[in-house]
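Visitor: I'm new here and would like to learn how to read a structure. Could you show it to me and walk me through a few features?

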Amino acid sequence: MAKQIAPQETSRAKAFEYWMKAPDPMVTFFKTLDVTNLVKASRKGKKFNMLMMYCIGRSAVKIKEFYILPVGDKLMQYDSVAVNAIVKNRKDDINSCDLHFSDDPDVFEKEYLKYTALSAENCCDRDLSADNMVIGTSAIIETEIDGAVSLYSGFNNPFVIWGRYRKKLFRYYLPVSFQFHHTQMDGSHAGRFLEALQNEINSIR
């Protein structure tokens with residue numbers, strides 16, 4: 001469920017005033033994550049990108065700023081969070097697939113496997129943004145990347161992007177870019193999210 005809220009009645013009042021009409025309101029942070037646990041889990045049959053998205057969702061739901069989002073000229077409040085996947089379809093094109101986040105890893109995995117497969121087969125998007133604050137993700141598996149910026153095109157949602165992970169000695173590392181709208185959160189919130197993301201990855205077995 002989404003509802004419009006009065007910015008002046010929230011902790012984002014000043015940010016709304018400063019950033020809603022800024023020509024470039026998006027901020028991008030870069031962080032290199034140790035994803036050794038995810039690589040090990042993927043070798044046991046789990047999808048690496050599914051695990052990344054699960055950890056992203058787990059990290060986001062602990063931070064209240066992820067439940068609000070500037071939409072147009074309004075500030076919206078959401079009750080729930082979804083995570084978006086970019087899916088390569090059977091026509092070798094891409095589709096966008098939103099997935100309800102569940103704290104239960106088995107439930108989230110079933111959602112991921114079911115709806116990404118449907119999007120790929122039917123070449124259709126799945127949009128849950130009317131009722132969920134959607135976190136965008138994109139995995140560029142064709143190559144290693146160091147980061148990505150300038151993703152803004154009216155899409156205010158937070159966005160995480162990554163490429164191939166890298167091996168160094170006996171560990172695996174993954175540079176990620178996290179882009180967010182400054183009205184939604186400050187750098188401290190983004191930093192907490194990225195730190196929580198590493199902690200969630202560390203907890204995967």
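Predicted model: local features only at pLDDT ≥ 70, side-chain atom pairs only at ≥ 80, totals over all residues.

Visitor: Which residue does Arg166 meet in a salt bridge?

Guide: The general idea is a side-chain nitrogen of Lys or Arg within 4 Å of a carboxyl oxygen of Asp or Glu. Here the partner of Arg166 is Asp146, at 2.9 Å from N to O. The two belong to distant parts of the chain, 20 residues apart: Arg166 is in strand 9 (residues 166-168), and Asp146 is in the loop between strand 7 (133-139) and strand 8 (159-162). As for numbering, helices (H or I, at least four residues) and strands (E, at least two) are DSSP runs, counted from the N terminus. Asp146 counts as exposed, at 60% relative accessibility.

Visitor: How many salt bridges does the structure hold?

Guide: The number is 13. Another one of them joins the side chains of Arg12 and Asp186, with 2.9 Å from N to O. That pair spans 174 residues, from the loop between strand 1 (2-5) and helix 1 (13-19) to the loop between strand 10 (171-181) and helix 5 (187-203). Arg12 is buried at 3%, while Asp186 is partly exposed at 27%.

Visitor: Which residue forms a salt bridge with Lys64?

Guide: That's Glu65, with the closest N and O atoms 3.0 Å apart. Lys64 counts as exposed, at 55% relative accessibility, but Glu65 is buried, with a relative accessible area of 5%.

Visitor: Where does Glu65 lie, and which residues does Glu65 touch?

Guide: Look in the loop between helix 3 (48-60) and strand 3 (68-71). To read touching, we use contact, meaning heavy atoms within 4.5 Å. Setting aside residues up to four places away in sequence, Glu65 touches Ser11, Arg12, Gln184, Met185 and His189. With His189 there is also a side-chain polar contact of 3.3 Å. A polar contact is a pair of N or O atoms within 3.5 Å; within protein, one must be able to donate a hydrogen and the other to accept it, and residues adjacent in sequence count only if both atoms are side-chain atoms.

Visitor: In what order do the three strands of the open sheet come?

Guide: Two strands pair if DSSP finds at least two bridges between them. In this open sheet the order is 1-4-3, and the pairing is antiparallel. Strand 1 and strand 3 are the edge strands, each pairing on one side only.

Visitor: Which residues is Thr183 in contact with?

Guide: Leaving aside neighbours within four places in sequence, Thr183 contacts Arg12, Ala15, Phe16, Trp19, Met20, Pro70 and Leu75. Thr183 sits in the loop between strand 10 and helix 5, and is buried at 0% relative accessibility.

Visitor: How many aromatic pairs does a search of the whole structure find?

Guide: A pair of aromatic rings is described by the distance of the centres and the angle of the planes. Rings of Phe, Tyr and Trp (its six-membered ring) pair if their centres lie within 6.5 Å; planes under 30 degrees apart count as stacked, over 60 as edge-to-face and the rest as tilted. The search finds eleven. Among them, Phe48 and Tyr165 are tilted, at 5.1 Å centre to centre and 45 degrees between the planes. Phe48 is in helix 3 and Tyr165 in the loop between strand 8 and strand 9, 117 residues apart. Phe48 is buried at 13%, whereas Tyr165 is partly exposed at 31%.

Visitor: Which residues form one aromatic cluster?

Guide: They are Phe29, Phe66, Phe178, Phe180 and Phe193.

Terms used. Residues numbered from 1 in each chain as written. Heavy atoms only, no water. Buried < 20%, exposed > 50% of the residue type's maximum accessible area, 1.4 Å probe, protein only.
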